[in-house]
Amino acid sequence: MIKDRIHIYKDTPALCEGVTHFLQSHIFTRKKSINLCLSGGNTPKALFDHWSNARKNDIPWSRITLFWGDERCVPPDSESSNYGMTQKHLLDKVPVPVENIFRIRGENNPEEEATRYSRLLAEKLPSKNQYPAFDLVLLGMGEDGHTASLFPGQSTQRNNAPNCIVTVHPESGMKRISITENIINNAGTVIFLVTGRNKAPIVEEVIRNREAYAGIYPAARITPRNGIVHWFLDKPAAYLIDKTLAKK
Ligand code: 6PG
């Protein structure tokens with residue numbers, strides 16, 4: 001049984017500060033070295049800008065190792081690159097040691113890179129339940145219920161490399177490399193960071209009835225072994241969920 005810990009904020013700046021405060025109190029102050037898995041897309045840009053500007057001196061960058069939950073199969077300087085986006089909004093502005101940054105190489109052959117990154121996770125991360133374990137996985141969610149680059153109707157597990165998988169974006173046809181739901185569920189803390197009224201229906205469906213939608217939405221299959229999913233939402237993304245849930 002998954003417990004949803006729902007954190008609702010009036011707007012994006014408040015949401016970014018809420019996430020940062022949570023990470024400081026639940027992870028940064030409790031762990032000497034921290035393995036963070038970042039999400040891509042647009043939503044994290046505001047968070048990364050907040051970290052780079054307002055909170056640059058409050059985050060223990062030297063103790064953080066960065067990984068990505070997914071990447072588009074494009075070069076890092078492509079407009080579509082999640083690493084490129086993170087570099088622009090965060091890495092160019094904060095002192096994460098370069099040796100602590102492990103990007104997915106979108107320019108590589110997808111299958112080969114999925115295998116390489118699978119092995120890298122096994123090498124760099126501590127093992128828990130016989131799989132690599134992140135301290136934190138930060139996730140976004142699409143209106144179709146995808147998360148990371150795990151899309152509805154596509155296999156989200158791969159036997160010979162259980163840590164990463166190659167998927168295809170259903171609209172653009174662009175190949176993606178993604179960590180698997182197994183790796184996400186093995187993390188110490190899992191956070192969905194979701195904003196915008198357009199996401200409210202999928203947020204409500206997944207939180208309200210995860211079991212019913214598990215066969216459809218990869219986001220509904222995010223069931224961490226520690227039993228908790230954290231939702232950091234702005235009010236527009238949260239407007240369909242019962243306000244009493246926010247107190248759960
Ligand atoms: C990606 C992301 C993806 C993203 C969702 C939400 O590579 O695009 O990892 O899972 O988090 O699609 O995207 P937005 O934040 O742009 O709405």
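Colleague: Where is Asn129 found?

Modeller: Heads-up: this is a predicted model, where local features need pLDDT of at least 70, side-chain atom pairs count only at pLDDT 80 or more, and totals for chains, interfaces and linings use all residues. Residues are numbered from 1 along each chain as its sequence is written, and side-chain values use heavy atoms, leaving out hydrogens and water. Helices (H or I, at least four residues) and strands (E, at least two) are DSSP runs, numbered from the N terminus. Going by those runs, Asn129 sits in the loop between strand S6 (127-128) and strand S7 (131-132).

Colleague: What is phi of Asn129?

Modeller: Most residues other than glycine have a negative phi. Asn129 isn't a glycine, yet its phi is positive, near 55 degrees.

Colleague: Is Asn129 buried, exposed or partly exposed?

Modeller: Buried means under 20% relative accessible area, exposed means over 50%, and partly exposed is in between (1.4 Å probe, protein chains only). Asn129 has 44%, so it is partly exposed.

Colleague: And what is the relative accessible area of Ala148?

Modeller: Ala148 lies in the loop between strand S8 (136-139) and strand S9 (164-168). Ala148 also has a positive phi, about 50 degrees, although it is not a glycine. Ala148 counts as buried because its relative accessible area is 13%.

Colleague: Which residues is Ser178 in contact with, leaving aside neighbours within four places in sequence?

Modeller: Ser178 has its place in strand S10 (residues 175-179), and it counts as buried because its relative accessibility is 0%. Contact means heavy atoms within 4.5 Å. With those neighbours left aside, the residues in contact with Ser178 are Gly69, Asp70, Ala148, Ser149, Leu150, Asn163, Cys164 and Ile165.

Colleague: How many Å is the backbone nitrogen of Ser149 from a polar atom of the side chain of Ser178?

Modeller: Ser149 is one of the residues that Ser178 is in contact with. From the backbone nitrogen of Ser149 to a polar atom of the Ser178 side chain, it's 3.2 Å.

Colleague: At what angle do the axes of helix H1 and helix H2 cross?

Modeller: Two packed helices are described by the angle between their axes and the distance between the axes. Here H1 (residues 12-28) and H2 (residues 43-52) have axes that come within 9 Å and cross at roughly 65 degrees.

Colleague: How many nonpolar, polar and charged residues are in the contact of H1 with H2?

Modeller: H1 brings Thr12, Cys16, Glu17, Val19, Thr20 and Leu23, and H2 brings Ala46, Leu47, His50 and Trp51. Ala, Val, Leu, Ile, Met, Phe, Trp, Tyr, Cys and Pro count as nonpolar, Asp, Glu, Lys and Arg as charged, and the others, Gly among them, as polar. That sorts the residues of this contact into 6 nonpolar, 3 polar and 1 charged.

Colleague: What separates the C-alpha atoms of Arg119 and Pro162?

Modeller: Arg119 is found in helix H4 (residues 110-124), and it is exposed because its relative accessible area is 62%. Arg119 and Pro162 are 43 residues apart along the chain, and their C-alpha atoms are separated by 9.8 Å.

Notes: Axes fitted to C-alpha atoms, helices over the stretch in contact; angles between N-to-C directions. Polar contact = N/O pair within 3.5 Å; in protein donor to acceptor, adjacent residues only side chain to side chain.
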